[in-house]
Amino acid sequence: MFENAPEKDKCYICVNCGKKVKSLFKKYSASVLKLTDCESCHNVADKYVEYDVVIIIIDLVLLQKTAYRHVLFNVDFKNFWKLSVILLLMEAYSELMRSSPERVIKTNEDEKPFLNEFNEMADFLFYKLSLNVAIKTSCFMLVLYFLTKMYCKVLRRDVIDFVSVWKTLTISSFGTFLLLPSLMWDTSVQEFHLCVVSLYTTMSQLLAYTALCNCQKFWSIITIFSAYYCKTFCFDFLDAVYTNIVNNI
Ligand SMILES: [Zn+2]
């Protein structure tokens with residue numbers, strides 16, 4: 001999933017202090033390499049170069065900023081957009097399950113898998129929710145990108161592109177996978193479960209954004225919560241537009 005292949009003329013980041021380093025390691029032979037030390041903090045610039053992917057994922061789950069810096073800056077993770085699509089569909093499915101509790105109760109009584117009970121209306125609802133989630137996530141990303149661009153411009157820092165913001169948001173939203181147990185086995189605890197997942201995802205987004213911009217936590221909190229506010233406003237606006245269209249048909 002993560003590739004550590006260094007590219008020529010690419011700048012890397014020390015995972016400890018966030019300063020730039022020219023390379024992560026020096027290769028002496030096919031099997032011998034030496035990790036580079038950071039000139040600013042004098043620690044090994046990126047210890048994760050030698051680590052297995054599983055260890056990196058565990059550190060991401062444990063909200064280690066060093067792991068986020070490694071994935072965001074020092075690896076070539078091109079397929080993050082696929083993860084983004086999976087997360088989008090999972091969130092839409094979660095909203096579908098919460099918006100049709102009577103359907104779940106009915107299917108539980110019948111002791112049949114609820115997926116087989118979805119009719120055309122449920123399919124349409126799922127497509128509508130997927131579109132809603134896609135628009136909301138885009139709104140969240142655009143606000144985040146705009147505020148990040150403004151931050152970089154004011155402090156005269158290197159510009160952070162939209163793809164980096166998208167990648168950060170995707171990787172820090174993997175907490176959505178924690179919805180799986182609730183979606184699959186016990187829909188009765190879903191609201192409480194959803195709160196826990198939302199809290200964890202927000203914490204992970206705050207940490208990932210801090211790692212991306214190497215900024216103060218205060219600015220991360222302002223940025224992420226502003227983006228959340230705009231996302232919620234966008235959701236209410238979409239809901240009002242949809243209700244208006246349905247009433248006029
Ligand atoms: Zn350093």
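Reader: How many salt bridges does the structure hold, and what makes a pair count as one?

Author: The structure holds 3 salt bridges. The term asks for a side-chain nitrogen of Lys or Arg within 4 Å of a carboxyl oxygen of Asp or Glu. This is a predicted model, so local features need pLDDT of at least 70 and side-chain atom pairs count only at pLDDT 80 or more, while totals for chains, interfaces and linings use all residues. Residues are numbered from 1 along each chain as its sequence is written, and side-chain values use heavy atoms, with hydrogens and water left out.

Reader: Why is the contact of Asp-158 and Lys-20 called a salt bridge?

Author: Their side chains meet at 2.5 Å, N to O, and the limit is 4 Å, so the pair qualifies. Asp-158 lies in the loop between helix 5 and helix 6 and Lys-20 in strand 2, so the pair ties together parts that are 138 residues apart in sequence. Helices (H or I, at least four residues) and strands (E, at least two) are DSSP runs, numbered from the N terminus.

Reader: What makes Lys-78 and Asp-76 a salt bridge too?

Author: Here the N to O value is 3.6 Å, which is also within 4 Å.

Reader: Which residue forms a salt bridge with Glu-95, and where do the two lie?

Author: That residue is Lys-136, with the closest N and O atoms 3.0 Å apart. Glu-95 is in helix 3 and Lys-136 in helix 5, 41 residues apart.

Reader: How do you know whether Glu-95, Lys-136 and Lys-78 are buried or exposed?

Author: Buried means under 20% relative accessible area, exposed over 50%, and partly exposed in between (1.4 Å probe, protein chains only). Glu-95 has 13% and Lys-136 has 6%, so both are buried. Lys-78 has 59%, so Lys-78 is exposed.

Reader: Why is Leu-180 called partly exposed?

Author: Its relative accessible area is 32%, which falls between 20% and 50%, so that is the word for it. Leu-180 is found in helix 7.

Reader: What makes the largest nonpolar core a core, and where does it lie?

Author: A nonpolar core is a set of buried Ala, Val, Leu, Ile, Met, Phe, Trp, Tyr and Cys residues joined through side-chain atoms within 4.5 Å. Of the 35 residues in the largest one, Tyr-68, Val-71, Leu-144, Tyr-209 and Cys-213 touch the most other members. Helix 8 gives the largest share, 8 residues. Domain 1 (12-74) and domain 2 (80-248) both give residues to this core, so it lies between them; the domain bounds come from an automatic or database domain assignment.
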